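Dear colleague,

Please find below the structure that I am handing over to you, together with its sequence. My notes on what was found in it follow directly after.

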Amino acid sequence: MRKDFGAKPMMYPMNVLIIATYNEDGTPDAMNAAWGGIADHDKIMLAIDKTHKTAKNIVDRKAFTVSMATASQMVPSDYVGIVSGNDVPDKFARAGFHALKSEKVDAPLIEELPMALECRLISFDPATEILFGEIVNVCADESILNAEGNIDPVKLDPIIFDGSNRAYYRLGEKVGDAFRDGAALKK
């Protein structure tokens, strides 16, 4: 038997995305967002309330970065989600984050978060609060790369959001090989 929950924003896993921008005075800003994902090979989609400081910054600067929150940075990642940049203009610094200048877009990289998508604004619809960005680069610290030079999700140690229980979790173990294991069912 199944239990109905009604129409709710529940999906597993939900990424914990940390979106970083520059404020109008050039200081860095960051927010936590769970409602977003890859929209195409070079596009990302985010749902961001138009009243957020980050939304204004993205529209003004036409650029942003998206980092994966990690288990080691869970507390500051949660902090930038519960404090508004409209009320606490130095929340980036209070979180203990340090900004690195992106060479690709007019937005900061967060030194403590080892993987980021560097993005340019494609569109933001204030009515739906849906933002599309062009991914111009993905960068990762060498500390999270595997022997083949690819990002190792175990080393990255990203956290996921469980909105139903208001909790963060680590990813689990590898269970198979994509685009290969299903071939066993081909006739």
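Strand S5 and strand S10 (residues 130–140) run antiparallel and are joined by five bridges. Strands here are DSSP runs (E, at least two residues), numbered from the N terminus, and two of them pair if DSSP finds at least two bridges between them. Within this pairing, methionine 45 stands opposite phenylalanine 132 in S10.

The model is a predicted one, in which local features need pLDDT of at least 70 and side-chain atom pairs count only at pLDDT 80 or more, while totals for chains, interfaces and linings use all residues. Residues are numbered from 1 along each chain as its sequence is written, and side-chain values use heavy atoms, with hydrogens and water left out.

S5 also pairs with strand S4 (residues 36–40), in the antiparallel sense and over four bridges. A hairpin of two residues joins S4 to S5, and aspartate 40 has lysine 43 as its bridge partner in S5. Buried means under 20% relative accessible area, exposed over 50%, and partly exposed in between (1.4 Å probe, protein chains only).

Another element is an open sheet of three strands in the order S1-S11-S12, with antiparallel pairing. Its edge strands are S1 (14–15) and S12 (167–170), each of which pairs on one side only. S1 pairs with strand S11 (residues 159–162) over two bridges, and methionine 14 stands opposite phenylalanine 161 in S11.

Phenylalanine 161 also takes part in an aromatic pair with tyrosine 168; the pair is tilted, at 6.1 Å centre to centre and 50° between the planes. The structure holds two aromatic pairs. Rings of Phe, Tyr and Trp (its six-membered ring) pair if their centres lie within 6.5 Å; planes under 30 degrees apart count as stacked, over 60 as edge-to-face and the rest as tilted. Phenylalanine 161 is partly exposed at 24% relative accessible area, and tyrosine 168 is likewise partly exposed, at 25%.

Lastly, I draw your attention to methionine 10, which is found in the segment before S1. With a relative accessible area of 33%, methionine 10 is partly exposed.

Yours sincerely
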